[in-house]
Amino acid sequence: MRLIRLFPDDSKFRFVRWRWLSFPFSAAISVATIILFLTIGLNFGIDFTGGTLMELQAKNGVADMASVREKAHSFDAGEVEVQEFGSGGQVSVRFRIQPGGEPAQSALVSKARTAFETDYEVRRVETVGPRVSGELVQSGTLGVVLAIVSVLVYLWFRFELTLAIGAVIGTLHDIVLTVGFFIITREEFNMTSIAAILTIVGYSLNETVVVFDRTRELLRRYKNIPTEELLDISINSTMSRTMMTATTTALSLLALVLFGGQAIQGFANVMLFGVVICTYSAIFVSSPMLIYLGLKTSGRAAADEKAEAQARATKARA
């Protein structure tokens with residue numbers, strides 16, 4: 001039985017030469033993400049902001065958004081967010097933390113249940129206090145920072161300095177673009193989002209390590225070929241594996257996006273975006289970056305050092 005190949009084994013596509021397009025594109029998107037983060041910011045969920053989230057299901061299958069907003073604002077509970085999701089009359093209503101503390105928050109939930117229960121079924125009620133939300137912010141931030149530091153330490157010991165820096169740049173690139181996805185789509189950023197980002201970090205690292213392992217192997221085998229050619233060979237030789245991994249992962253995530261339901265859809269959306277970005281980054285960002293970081297085959301590096309020494313000697317005699 002013939003094995004399936006999503007990419008030819010004998011391909012000689014010149015991936016690295018496209019860096020003149022991929023680098024400006026990635027730089028522009030990264031800068032835009034930073035600007036949007038500082039100006040617009042993330043759409044934090046109640047995990048981080050605190051408050052009450054109610055999910056309603058219209059009994060007749062059609063949600064009257066104007067009526068829901070009118071009732072929600074009639075409670076005098078401050079800022080209220082009302083959003084429709086799904087396709088079967090599902091509505092989410094989010095109230096901010098009430099000044100009276102937990103008793104005031106409980107009274108608001110009771111009032112909302114009474115107002116909505118005639119036309120809507122209350123599917124879920126989730127309340128997070130200010131102290132809990134603050135602790136979640138701290139633990140979530142600490143978790144991401146520790147994960148990134150652990151990745152950096154791993155790369156430091158796994159590769160030579162040049163390859164390690166290239167892998168770090170690729171991983172940070174993927175994190176920044178994932179944050180940009182949250183900002184542009186206004187996807188709710190909560191503890192599940194933290195899990196998605198950490199998973200994307202792992203996937204990005206995996207994709208980059210596969211290509212860089214082949215690059216390191218080829219550095220020992222080919223001593224005098226140009227760096228661009230060596231990088232193209234390493235990308236082409238791992239491309240079949242990269243495409244197969246990305247395709248199978250994307251198909252699984254697509255099934256979760258379409259049929260996983262609202263509870264997991266946000267995570268699946270972010271992960272699907274992350275698979276695309278990580279694959280692009282490993283091919284068009286991390287590997288070409290090695291050229292600018294000074295990666296050279298051993299033979300060419302020795303030749304360059306010899307040429308520099310001869311040039312210095314000639315200049316000294318002159």
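Is Arg124 buried, exposed or partly exposed? At 33% relative accessibility, Arg124 counts as partly exposed, where buried means under 20% relative accessible area, exposed means over 50%, and partly exposed lies in between (1.4 Å probe, protein chains only).

A word on the ground rules comes before the tour. This is a predicted model, in which local features need pLDDT of at least 70 and side-chain atom pairs count only at pLDDT 80 or more, while totals for chains, interfaces and linings use all residues. Residues are numbered from 1 along each chain as its sequence is written, and side-chain values use heavy atoms, with hydrogens and water left out.

## Salt bridges

Searching the whole structure turns up nine salt bridges, each defined as a side-chain nitrogen of Lys or Arg within 4 Å of a carboxyl oxygen of Asp or Glu. Three of them are set out here.

| Salt bridge | N to O distance |
|---|---|
| Arg124 and Glu55 | 2.7 Å |
| Arg123 and Glu121 | 3.6 Å |
| Glu217 and Arg214 | 3.6 Å |

The salt bridge of Arg124 with Glu55 links distant parts of the chain: Arg124 belongs to strand β5 (residues 120-128) and Glu55 to strand β2 (residues 51-58), 69 residues apart. Strands here are DSSP runs of E with at least two residues, helices are runs of H or I with at least four, and both are numbered from the N terminus. Glu55 is buried, with a relative accessible area of 15%. Glu121, the partner of Arg123, is partly exposed at 41%.

The pair Glu217 and Arg214 sits within helix α7, three residues apart, which is about one turn of the helix. Both residues are partly exposed, Glu217 with a relative accessible area of 35% and Arg214 with 28%. Salt bridges that share partners tie Arg214, Glu217 and Arg221 into one network.

## Helix packing

Two packed helices are described by the angle between their axes and the distance between the axes. The axes are lines fitted to C-alpha atoms, for helices over the stretch in contact, and the angles run from 0 to 180 degrees between N-to-C directions.

Let us start with helix α6 (residues 161-185) and helix α7 (residues 191-221), which pack at about 150° with their axes 9 Å apart. They are therefore roughly antiparallel, on a scale where angles under 35 degrees count as roughly parallel, over 145 as roughly antiparallel, 65 to 115 as roughly perpendicular and the rest as oblique. The crossing of α6 and α7 is right-handed; the near helix is turned clockwise from the far one by less than a right angle in a right-handed crossing, and anticlockwise in a left-handed one. On the α6 side the contact includes Leu163, Gly166 and Phe182, which together with others meet α7 residues including Ile197, Phe212 and Arg216, with contact meaning heavy atoms within 4.5 Å. By class, this contact has eight nonpolar, eight polar and two charged residues. Ala, Val, Leu, Ile, Met, Phe, Trp, Tyr, Cys and Pro count as nonpolar, Asp, Glu, Lys and Arg as charged, and the others, Gly among them, as polar.

Helix α7 also packs against helix α8 (residues 227-259), their axes coming within 9 Å and crossing at roughly 150°. The two are therefore roughly antiparallel, and their crossing is right-handed. Among the contact residues are Tyr203, Arg214 and Leu218 of α7 and Leu230, Arg241 and Thr249 of α8. The contact of α7 with α8 has ten nonpolar, eight polar and three charged residues.

How do α1 and α6 lie relative to each other, parallel, antiparallel, perpendicular or oblique? Helix α1 (residues 19-39) packs against α6 at about 55°, with the axes 9 Å apart, and the pair is therefore oblique. The crossing of α1 and α6 is left-handed. Ser26, Ile29 and Phe37 are among the α1 residues taking part, and His173, Val176 and Ile184 among those of α6. This contact has eight nonpolar, five polar and no charged residues.

## Two single residues

Gly45 lies in the loop between β1 (43-44) and α2 (46-49) and is buried, at 0% relative accessibility. Leaving aside neighbours within four places in sequence, Gly45 is in contact with Arg94, Glu188 and Phe189.

Val145, in helix α5 (residues 130-158), is partly exposed, with a relative accessible area of 43%. Val145 and Leu198 are 53 residues apart in sequence, and their C-alpha atoms are 10.0 Å apart in space.
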